[in-house]
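Keep the viewer open as you read.

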Amino acid sequence: MIDDEPSKRLQQLLRLKRHETPPPGYFNEFSDTVLDRIRALESERAIPKWRRWFSRGSQSSNGPITEPGLWSVGGWNTAIGLSMLVAMVGGLYWASRLTNSEGMSGNLPLQAASFGNPSAVSPAASAVMLARSMPELVDPRSVQFHPVTVSMSGSSPELSSTNPLPYGLFQLPGASGGGSDAYRVRFGNSPR
Amino acid sequence: MDPIAESTESTESTVLARTAPNAEDASEVGHCVRRAQAGDLAAYDQLVHQFQERIYGLCYHMTSHHEDANDLAQDTFVKAWQALKSFKGNSSFYTWIYRIAVNTCLNHLKLRRNRTPHLSLNDLDLQPENHPDLVALVSDKTPRREANLAELQRRLNEAILKLSDDHRSVVTLHDIQGLPHDQIAKILGVNPGTVRSRLFYAHQQLQGSLADWMK
């Protein structure tokens, strides 16, 4: 099959490639390089896995570990990322615990929850807490939000609203009921 | 006598003597393998020394690139060390490490398929230019007497790089490295008939690519 003249000629040409050799002295160092790589692999294998994982950032693809590596660039990046993750998870956990404890308290004093420091609590949270603190007055599922204005008059805060508020939510001194155009509530013992 | 035939026969005997281990070598290799399997790096060093030229040659002829061949030959020996404990001796160590080298080269070629082939012949030792048989080859018998050896080498490598990976493997192992069909079949894990078939088609393609040099 391959004994014809062109095939013989071709095989003779191909055999010429046997003369292509690497530079002189190349094989003198070849086995040393191979053994160095093997030793590096063996020493790397002796390092615990977790430490190898941290040291990946400072390691070349084929070479040995160049430094202990735990605090290498890759290790720092990983440590920072892990810290941020732990902080985030911890924050979420504590936030959920705080929310639960507030929910469990149920009848928080209105003044402490909202009116004690009106500027510190958002209107929506105030309304929810208000509803939770007075379940007999308001159904929490039907909470409605009304814009109110808090102003300082003398040393006492004053809460007022231009919109009609539901009857019973605020029992204003001297007011006969809901539906009026303006409401005003004074806090503290300041005279009206 | 045809200078081409003369030159290739003289080199063939040398290369075959290098590639085919005799019984004494085989027993020595077996001894080194057992010691290396027990973790003896010095024994493995002997194995590397014994096979480095052949493995490098295989990698070089598969890639036509000196640096790639260097990396692949090193990878082959490192992989062989890592897998040495799994070597049961069902085949010869020679066949086993050749199989690792071929697979390493084929994987490399698959990964680098889109890379422009780079011939690094200038990086290699060009001693063959001074080889009297080769000088005779390029000056007496070729249709292009003025052509030089570098041109022939370039054309040869280009033609080989055009072959598929499977065809290049059999051409490298048989025509360049001088391995017999049955040994190539063991290395590649195919039938000897498949080896012959691949060689036939590879030769046809090469004859087309090297038509100028075939006359």
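**Helices that cross**

H2(A) passes H3(B) in a right-handed crossing; a crossing is right-handed if the near helix is turned clockwise from the far one by less than a right angle, and left-handed if anticlockwise. Helices here are DSSP runs of H or I with at least four residues, strands are runs of E with at least two, and both are numbered from the N terminus. Before going on, note that this is a predicted model, in which local features need pLDDT of at least 70 and side-chain atom pairs count only at pLDDT 80 or more, while totals for chains, interfaces and linings use all residues. Residues are numbered from 1 along each chain as its sequence is written, and chains are lettered from A and ligands numbered from 1 in the order in which they are written.

Axes are lines fitted to C-alpha atoms, for helices over the stretch in contact, and angles run from 0 to 180 degrees between N-to-C directions.

Which residues of H2(A) and H3(B) meet? On the H2(A) side, they include A:Phe27, A:Phe30 and A:Val34, and on the H3(B) side they include B:Leu41, B:Val48 and B:Glu53. Contact means that C-beta atoms, placed from the backbone, lie within 7 Å.

Now look within chain B. The axes of H4 (residues 66-82) and H5 (residues 93-111) of chain B come within 9 Å and cross at roughly 130°, so H4(B) and H5(B) are oblique to each other too. Their crossing is right-handed. Among the residues that meet are B:Leu72 in H4(B) and B:Ala101 and B:Cys105 in H5(B).

Those three names return around B:Cys59, which touches B:Ala69, B:Leu72, B:Ala73, B:Ala101 and B:Cys105, leaving aside residues up to four places away in sequence. B:Cys59 is also among the residues with the most contacts inside the largest nonpolar core, which has 53 residues. Such a core is a set of buried Ala, Val, Leu, Ile, Met, Phe, Trp, Tyr and Cys residues joined through C-beta atoms within 7 Å; buried means that 20 or more other C-beta atoms lie within 10 Å of a residue's own. H3(B) gives the most to this core, with ten residues.

Technical notes:
Angles under 35 degrees count as roughly parallel, over 145 as roughly antiparallel, 65 to 115 as roughly perpendicular and the rest as oblique. Two residues are in contact if their C-beta atoms, placed from the backbone, lie within 7 Å. A residue is buried if 20 or more other C-beta atoms lie within 10 Å of its own, exposed if 12 or fewer, and partly exposed in between; C-beta atoms are placed from the backbone.
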